[in-house]
Amino acid sequence: MGMGRRAKQRRQDELWIAHTELPRTVAHPFYEQLNRVLEGRGFDEWVEAQCARFYAERMGRPSLAPGRYFRLLLIGYFEGLDSERGIAWRAADSLALRSFLGVGLNEMPPDHSTLSRTRRLIDVETHQAVFRWVLELLAEKDLLKGKTIGIDATTLEANAALRSIVRRDTGEGYQEFLTRLAQESGIATPTREQLAKLDRKRTGKGSNEDWINPHDPDARITKMKDGRTHLAHKAEHAVDLETGAVVAVTVAAGDAGDTATILETLPQAGKHIAEVACTTNNEEVGERVHPEGPVEAVGDKGYHSNDTLQALEDVEVRTYISEPDRGRRCWKDKPEARQAVYGNRRRIRGEHGKELLRRRGELLERSFAHAYETGGMRRTHLRGRENILKRALIHVGGFNLSLVMRQLLGKGTPRGLQGLSADALLILSRFWIALLVRTEHESASVPLPMPSHAVLIVILIPLAAE
């Protein structure tokens with residue numbers, strides 16, 4: 001057989017190509033099913049009505065449809081893409097995603113600048129409304145209860161560098177500030193080593209009260225989970241501990257305390273649950289969602305404080321918050337705080353409290369892992385807390401949609417669905433092995449030879465691995 005030459009195989013592109021002759025592919029089963037779920041509840045018509053006030057009725061060029069915009073952000077979660085530029089590139093490259101977005105083969109997919117402009121155009125409240133729409137879908141699928149809520153937070157690396165911070169009072173950069181300090185101490189022309197030595201001896205050198213990043217003023221100097229110091233934001237989740245659904249997500253300053261942010265996240269979770277209950281509960285289906293909002297709140301040691309426990313007790317929310325070891329405490333003139341702390345201590349020592357704390361660790365960390373690790377949003381590519389919150393709301397909304405998809409398909413992401421056939425083959429191989437072993441024990445008169453077991457394992461396990 002002769003070798004084909006690329007130069008000889010080149011041909012001139014035809015001037016006209018019929019639409020029916022364009023290459024077609026079978027749609028991705030995951031995205032095809034997800035589109036059925038969205039269209040089944042009239043997502044596009046509903047979201048266009050929500051976003052109508054942001055667009056002119058007649059004048060202007062055709063814009064990115066709201067349904068397509070929110071689908072692009074969902075692709076960011078399901079494909080694990082961190083930036084809007086990456087989302088646009090992936091949508092242009094994949095025929096399956098073109099079908100999910102409703103973009104024809106002869107159409108240009110949305111550019112990242114169009115995606116960014118649409119995000120700035122649509123306000124946070126509309127993104128919150130889309131998040132609640134997903135919660136209503138979860139309630140209809142019996143995936144939201146709203147009675148027991150777990151709270152936890154994690155840090156998101158900001159799109160800003162520490163070397164760019166400046167003094168709030170003088171506007172000096174870090175190097176300029178150190179040089180001035182060295183000159184005031186008697187060093188006329190300090191070297192890099194002298195500046196480093198001077199900086200090492202200073203206390204409180206990374207105070208957010210003194211320093212700010214001019215490119216992202218909302219970012220704060222924060223110690224990350226891995227021990228690094230970086231400019232960061234704080235994302236906090238409120239999760240339904242009966243189903244694993246995230247009922248609220250907020251974005252705060254990276255240095256904000258847990259005892260302060262819980263008083264914002266938990267009321268928002270209660271508001272979402274009450275609105276969903278008002279919409280989905282009726283006489284025909286009964287009480288799907290707890291109509292009065294959460295009655296139990298579960299958190300780790302960072303949320304334990306007298307004020308937090310008293311505030312939650314005042315609104316009749318039972319707390320199950322781990323208590324740090326503070327030694328012997330004085331309760332003089334603090335009877336309300338003493339009652340709240342002792343009540344919380346009694347509850348977390350019971351069997352129900354221990355079970356809730358175990359589930360909190362499992363379900364809260366799972367939402368962080370899916371949204372920010374495999375979901376790709378651990379480092380933000382946006383600046384400003386409002387912009388990050390818009391992206392986080394739809395990103396976590398994608399996590400909630402994955403619960404519905406897991407109920408329908410058995411897997412919550414396209415990558416998980418890819419390995420479904422291998423998982424099924426592995427389960428089948430284990431079943432056959434167990435069946436052969438049981439048959440051998442039951443029919444001792446005609447025992448199966450051992451080599452057949454080995455051959456079966458050798459053949460089936462490599463197939464399952466593929």
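This is a guided walk through a predicted model of one protein chain.

Let us begin with how to read it. Residues are numbered from 1 along each chain as its sequence is written, and side-chain values use heavy atoms, with hydrogens and water left out. Because the model is predicted, local features need pLDDT of at least 70 and side-chain atom pairs count only at pLDDT 80 or more, while totals for chains, interfaces and linings use all residues.

Now for the overall picture. The chain has 18 helices and eight strands; these are DSSP runs numbered from the N terminus, where a helix is H or I over at least four residues and a strand is E over at least two. Of its 466 residues, 44% count as buried. Here buried means under 20% relative accessible area, exposed means over 50%, and partly exposed is in between, using a 1.4 Å probe and protein chains only.

Let us visit a pair of helices. Helix α4 (residues 66–78) packs on helix α15 (residues 385–409) at an angle of about 70 degrees, and their axes are 8 Å apart. An axis is a line fitted to C-alpha atoms, for helices over the stretch in contact, and angles run from 0 to 180 degrees between N-to-C directions. Angles under 35 degrees count as roughly parallel, over 145 as roughly antiparallel, 65 to 115 as roughly perpendicular and the rest as oblique. Therefore α4 and α15 are roughly perpendicular to each other. The crossing of α4 past α15 is right-handed, a word used if the near helix is turned clockwise from the far one by less than a right angle, with anticlockwise giving left-handed. On the α4 side, the contact is made by F70, L73, L74, G76, Y77 and F78; on the α15 side, by R391, I394, H395, G397, G398, F399, L401 and S402. These residues divide into eight nonpolar, five polar and one charged. In this count, Ala, Val, Leu, Ile, Met, Phe, Trp, Tyr, Cys and Pro are nonpolar, Asp, Glu, Lys and Arg are charged, and the others, Gly among them, are polar.

Stay in this region for a moment. A65 lies in the loop between α3 (43–51) and α4, and A65 is partly exposed, with a relative accessible area of 32%. A65 and T118 are 53 residues apart in sequence, yet their C-alpha atoms are 9.2 Å apart in space. Helix α5 (residues 84–93) has E84, G86, I87, A88 and A91 as its buried residues, and these pack against α4, α6 (95–101), α7 (112–121) and α15.

Next comes another helix pair. Helix α8 (residues 124–140) and helix α11 (residues 258–280) meet at an angle of about 55 degrees, with axes 10 Å apart. The two are therefore oblique to each other, and α8 passes α11 in a right-handed crossing. From α8, Q128, F131, R132, L135, E136, A139 and E140 meet Q268, H272, E275, V276, T279 and T280 of α11. This contact divides into four nonpolar, five polar and four charged residues.

A277 also lies in α11 and is buried, at 5% relative accessible area. Leaving aside neighbours within four places in sequence, A277 is in contact with V289, H290 and P291. The C-alpha atoms of A277 and K145 are separated by 9.2 Å, though these residues are 132 apart along the chain.

Further along, N344 lies in helix α13 (residues 335–348), and N344 is buried with a relative accessible area of 0%. Beyond its neighbours within four places in sequence, N344 is in contact with H304, L309, T319, Y320 and I321.

Two loops deserve a look too. In the loop between α8 and β1 (148–157) sits D142, which has a positive phi of about 65 degrees although it is not a glycine. D142 is partly exposed, at 46% relative accessible area. E316, in the loop between α12 (306–314) and β8 (318–321), is likewise not a glycine and has a positive phi of about 60 degrees. E316 is exposed, with a relative accessible area of 69%.

Finally, how many disulfides does the structure hold? There are zero disulfides, a disulfide being a pair of cysteine sulfur atoms within 2.5 Å. As for individual cysteines, C278 is exposed at 66% relative accessible area, and C330 is exposed at 59%.

How values were computed. Contact means heavy atoms within 4.5 Å.
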